[in-house]
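Dear colleague,

Here is the structure I promised to pass on to you. My notes on its side-chain contacts follow directly below it.

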Amino acid sequence: MLRLPDHLVRIRDHADRAHAATVTRHAALRALTDQANSVPREVVSAVVGICHFARAWGVAPDGMLRGNGLIGDEDAARLEKWIWTISYALSMILDGDAAEAFSAYDDERLR
């Protein structure tokens, strides 16, 4: 039986946890739609920080993950989609358009 090297197992497990975390973040963002007129600054800061550092570390060619060969092009593209979806949802929530906020996520999920 073929056994993956430990570092690849950790990356795969991390990707599984990252997807679960993304679903959790989407649930949290959905909860904010009821409070779109008064979203706490700390929440906005946290979501923007998540997007910024995920892009810097996981998507940028010289980021920690890609620069060290720990994430491939396919995973980086998937991560970029998640980041885009999260940041777009936050932007739409802040603009008061909760229906549009999750359209990209819902469209992707239904594929």
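There are four salt bridges in the structure, a salt bridge being a side-chain nitrogen of Lys or Arg within 4 Å of a carboxyl oxygen of Asp or Glu. Please bear in mind that this is a predicted model, in which local features need pLDDT of at least 70 and side-chain atom pairs count only at pLDDT 80 or more, while totals for chains, interfaces and linings use all residues. Residues are numbered from 1 along each chain as its sequence is written, and side-chain values use heavy atoms, with hydrogens and water left out.

One of the salt bridges joins the side chains of Glu80 and Arg55 at 3.3 Å, N to O. Because Glu80 lies in helix 4 and Arg55 in helix 2, this pair ties together parts that are 25 residues apart in sequence; helices here are DSSP runs (H or I, at least four residues), numbered from the N terminus. Glu80 is partly exposed at 26% relative accessible area, and Arg55 is partly exposed at 33%, where buried means under 20%, exposed over 50% and partly exposed in between, with a 1.4 Å probe and protein chains only.

Asp73 and Arg66 form another salt bridge, at 2.4 Å, N to O, in which Asp73 is exposed with 57% relative accessible area, whereas Arg66 is partly exposed with 25%. Within helix 4, Glu74 and Arg78 are four residues apart, about one helical turn, and their side chains meet in a salt bridge at 3.5 Å, N to O. Glu74, Asp75 and Arg78 are linked in a network of salt bridges.

Finally, Thr85 is found in helix 4 (residues 73-94) and counts as buried at 11% relative accessibility. A polar atom of the Thr85 side chain lies 2.9 Å from the backbone oxygen of Lys81.

Best regards

Technical notes
Helices (H or I, at least four residues) and strands (E, at least two) are DSSP runs, numbered from the N terminus. A polar contact is a pair of N or O atoms within 3.5 Å; within protein, one must be able to donate a hydrogen and the other to accept it, and residues adjacent in sequence count only if both atoms are side-chain atoms.
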